[in-house]
Structure formats: C-alpha cells, structure tokens
Amino acid sequence: MTHPAQPYPAVTVLIDQLAGMVQRWRARSEISELDYGEFHRIAREMGLSSAGLEELVSRGTHAADELPRLLKALGFDDAAIARIEQPVFNDMRRVCANCEHKPECRHDLAAGALADHYPAYCANAVTIGGLAVAAK
C-alpha cells in the first residue's frame with residue numbers, strides 16, 4: 001500500500017518546527033522548576049556548567065540523536081556503546097548537540113559514507129578514535 005504524497009510539504013515543515021519549539025519550551029519549563037541545588041547537581045553530574053546545561057536543554061531532546069547512529073555506523077554495537085564511561089558519553093552528547101555540522105553528518109549517515117567523511121567535521125572524531133582503539 002502506498003501513501004499519498006504530502007499535498008503541502010511547506011506546512012508539514014512548519015508544523016515540525018513548531019512541534020520542536022514546543023518541546024524545547026517544555027524542557028526549559030521543566031528545568032526552570034528545579035530548585036537551585038538540584039539544577040547544579042544535575043549539571044555537575046553531567047560534567048557541565050549551569051550555563052552549559054541550560055544551553056543543552058535549549059537545543060531540545062533530540063539534539064544529539066546523530067551520536068548513537070554515528071557510533072553504530074562506525075561499527076560500535078549496543079554493548080560497546082553501553083561500555084562508554086558515562087562522563088565521556090555525556091561530553092560526546094554535549095558536543096554532538098552543539099555541533100554546527102549536522103547537515104553534513106545527516107547526509108553522510110543517509111549515504112552510508114560517514115566513515116570516510118566524519119573525521120573532517122566531527123568534533124567527537126578524536127574521542128571516537130580513542131574509543132575504537134580502546135575497544136580492540
């Protein structure tokens with residue numbers, strides 16, 4: 001069964017953008033409800049400053065979705081990903097969430113060309129290389 005083409009793709013894009021804005025607003029609202037101590041404890045556990053945590057939250061819940069896909073495309077299985085130390089993985093997620101090269105990353109993921117190109121633009125490339133060496 002085929003699905004009909006979307007008759008108004010621009011509207012779909014707009015709705016997706018609005019949904020993203022609402023999700024970010026909700027995340028900021030939830031963070032703002034934390035008391036001062038709890039907020040700083042969470043930031044500290046993640047190895048972030050308070051400003052860094054606020055920035056990460058403002059990016060939205062899917063800001064680092066490319067990271068697990070990147071790792072899997074490079075041959076890391078779920079078990080290998082689970083063995084990454086939490087502070088290291090949190091830092092990698094922060095770096096991914098703040099990345100300015102998401103279009104290139106998404107393109108290379110879709111094209112299956114990530115392994116050849118990610119070292120040129122991925123700020124996590126050195127860390128990933130170290131994890132790959134450690135996994136051997």
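The chain exposes about 9300 Å², with carbon and sulfur atoms supplying 58% of it. Everything shown here comes from a predicted model.

View 1. Walk along from the N terminus and the elements read α-α-α-α-α-α-α-α-α. Of the 136 residues in the chain, 31% are buried. How much of the contact list joins residues at least 24 apart? Counting contacts between residues at least 6 apart in sequence, that share is 61%.

**View 2. Helix H3 covers residues 50-59, and several of its residues are buried.** The buried set in H3 is Ser50, Leu53, Leu56, Val57 and Ser58.

**View 3. Helix H4 (residues 66-73) packs against helix H6 (residues 86-97).** A helix pair like this gets described by two numbers, the angle between the axes and the distance between them. For H4 and H6 the angle is about 110° and the axes sit 9 Å apart. Angles of 65 to 115 degrees count as roughly perpendicular, so that is the label for H4 and H6.

View 4. On the H4 side the contact is made by Glu66, Leu67 and Leu71, and on the H6 side by Phe89, Met92, Arg93 and Cys96. How do these residues divide by type? Five are nonpolar, two are charged and none is polar.

**View 5. Cysteine 99 is in no disulfide.** The nearest cysteine sulfur belongs to cysteine 96, and it lies 6.4 Å away. A disulfide here needs a pair of cysteine sulfur atoms within 2.5 Å. Is cysteine 99 buried, exposed or partly exposed? Its relative accessibility is 24%, so cysteine 99 counts as partly exposed.

**View 6. The sulfur of cysteine 105 has its closest cysteine sulfur in cysteine 96.** The two sulfurs are 6.3 Å apart, which is too far for a bond. Cysteine 105 has 11% relative accessibility and so counts as buried, the cut-off for that being under 20%. By the 2.5 Å rule, the count comes to zero disulfides.

Technical notes:
Residues are numbered from 1 along each chain as its sequence is written. This is a predicted model: local features need pLDDT of at least 70, side-chain atom pairs count only at pLDDT 80 or more; totals for chains, interfaces and linings use all residues. Side-chain values use heavy atoms; hydrogens and water are left out. Axes are lines fitted to C-alpha atoms, for helices over the stretch in contact, and angles run from 0 to 180 degrees between N-to-C directions. Helices (H or I, at least four residues) and strands (E, at least two) are DSSP runs, numbered from the N terminus. Angles under 35 degrees count as roughly parallel, over 145 as roughly antiparallel, 65 to 115 as roughly perpendicular and the rest as oblique. Contact means heavy atoms within 4.5 Å. Ala, Val, Leu, Ile, Met, Phe, Trp, Tyr, Cys and Pro count as nonpolar, Asp, Glu, Lys and Arg as charged, and the others, Gly among them, as polar. Buried means under 20% relative accessible area, exposed over 50%, partly exposed in between (1.4 Å probe, protein chains only). Accessible areas come from the Shrake-Rupley method with a 1.4 Å probe; for residues, only the protein chains shown count as cover.
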